Amino acid sequence: MDRTSICPKEPIFLHPIITNPKNNGGVLHPQNNHDNSNSSASRSSDSADAAGDGGGRWASKLLRDCAAAMSEKDSAKIHHLLWMLNELSSPYGDSDQKLASYFLQALFCKATDSGRRCYKTLISVAEKTHSFDSVRKLTLKFQEATPWTTFGHVASNGAMLEALEGETRIHVIDISNTACTQWPTLLEALATRNNDETPRLKLTVVVTTTVAKSVMKEISPRMEKFARLMGVPFEFNVITGLNRLSELTKEGLGVQEDEAVAVNCIGALRRVDIEERTSFIQTIKSLNPKVFTIVEEEADFTSSRGDFVKCFEECLRFYTTYFDMLEESFGPTSNEKLMLERECSRSIVRVLACDDDGGEEDDREMDDVDRRETGRQWTERLSSAAGSGFTSVGYSDDVMDDVRALLKRYKAGWSVVLPAAGEDDQLGVYLAWKDEPVVWASIWKPS
């Protein structure tokens, strides 16, 4: 194949058809009575002293103490710490105040057994306030400022192009919530391959969040228009009627015998119920894909789900890193940064304040599941004899070169981390922020 770079360009199909669209993507504020950055900034100088932390990360200390008090059922201490956090936190303050604000909401919900009700409210508000324009603007700004999502796009597109070399009928099954921003570069790469015939591409998108459903009608004509522009024979299908990913079937996906299938999962496996993950992976294998690409955020919200303090510590670790990354990647008054931080509130409430068996089985949807696993945990699940019969495949030097070239576009602090010496070298690759792995990408093929 005549190789061209698969680093993403600006996704043309996300550009608005009309000019100057209004962004009406408001997001629910967390429970907090602080309404401006000036007052929160003035409290920031006193917060470390109040927490007895001498200017360190006071929020982490107070939050850990509160989680421990909840585990010990110490009501007086819980009330005192919640009051302190409420006084010191603000979604408009510094990184500690923001961290305290969003975790305070989850801790309050946990203490009052209101997590599921709060979570459903957050989801409902997100559905009502998100539009194509707001999602478009937020997605493009996030990808412009950080490689958090584009890292997985480049790694997965490169793996698929190599695995599907020479195929004339390609069916990509996209199980993700990335608003199709991954696919313009793949279409362009297919259009410029040195083959006599441009392959036919069928793209089936499985929507994994209720918020994403509202934007797919706008994305569909843009994808089709971009494919025509590239000269790629193209069919675009969207599956939105699922309550749970375990309902996916080969027949429902419309897989044909003469198609070379690629399955692309980005941030989707964590939305499968833990007890159903093995059967879901077996469903993927039944499609007999040429390649199965997986991208997941590097966190373990699964093994510790029976231990609140351990789960809290892992959640705090992950989102402390995430908030730090946002703080350094966006300007201090960025509306997009604020929206991204508020989006985290749903996941934090879901993980810490909603018991997995807290809702009626028939009412649970994909948004109700957010149990992440680390790359090593996914590797064990995918390669286990009882699991699926998938084999991990390493990334080629060409794909790794493209990934490293991508990171050079962004601010310092990003790097690619390979498995440590002595470990299996087929465990995928990690995107790291300040040497802390945050996103894991891998390639799999049926054994």
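Guide: In this predicted model, a helix is a DSSP run of H or I with at least four residues.

Visitor: Which helices each supply at least two residues of the lining of the largest pocket?

Guide: They are α2 (58–72), α3 (75–88), α4 (95–112) and α5 (115–129). The largest share, four residues, comes from α3. The volume of this pocket is about 410 Å³. Of its 20 lining residues, C109, K110, A111, D113 and S114 are the closest to the centre.

Visitor: Why is the pair of W148 and F318 called edge-to-face?

Guide: Planes over 60 degrees apart count as edge-to-face. The planes of W148 and F318 stand at 70°, with ring centres 6.2 Å apart, so the pair is edge-to-face. W148 lies in the loop between α6 (132–145) and α7, and F318 in helix α12, 170 residues away.

Visitor: How do you know whether W148 and F318 are buried or exposed?

Guide: Buried means under 20% relative accessible area. W148 has 5% relative accessibility, so W148 counts as buried. F318 has a relative accessible area of 3% and is therefore buried.

Visitor: Which residues of helix α15 are buried?

Guide: In α15 (residues 397–407), V399, M400, D402, V403, L406 and L407 are buried.

Visitor: Why are they said to line one face of the helix?

Guide: Viewed down the axis of α15, the buried residues fall within an arc of 155°, so they line one face. An α-helix has 3.6 residues a turn, so residues three or four places apart point the same way. The buried residues of α15 pack against α7 (150–163), β7 (414–417) and β8 (429–433).

Note on methods. Residues are numbered from 1 along each chain as its sequence is written. This is a predicted model: local features need pLDDT of at least 70, side-chain atom pairs count only at pLDDT 80 or more; totals for chains, interfaces and linings use all residues. Side-chain values use heavy atoms; hydrogens and water are left out. Buried means under 20% relative accessible area, exposed over 50%, partly exposed in between (1.4 Å probe, protein chains only). The arc is that of the directions from the helix axis to the C-beta atoms. Contact means heavy atoms within 4.5 Å. On a 1 Å grid over the protein atoms alone, a cavity is a set of points where a 1.4 Å probe fits but cannot get out, and a pocket is an open set with protein on both sides within 12 Å along at least five of seven lines; lining residues have an atom within 4 Å of a point. Grid points are joined across faces, edges and corners, and a volume is the space filled by probe spheres set on the points. Rings of Phe, Tyr and Trp (its six-membered ring) pair if their centres lie within 6.5 Å; planes under 30 degrees apart count as stacked, over 60 as edge-to-face and the rest as tilted.
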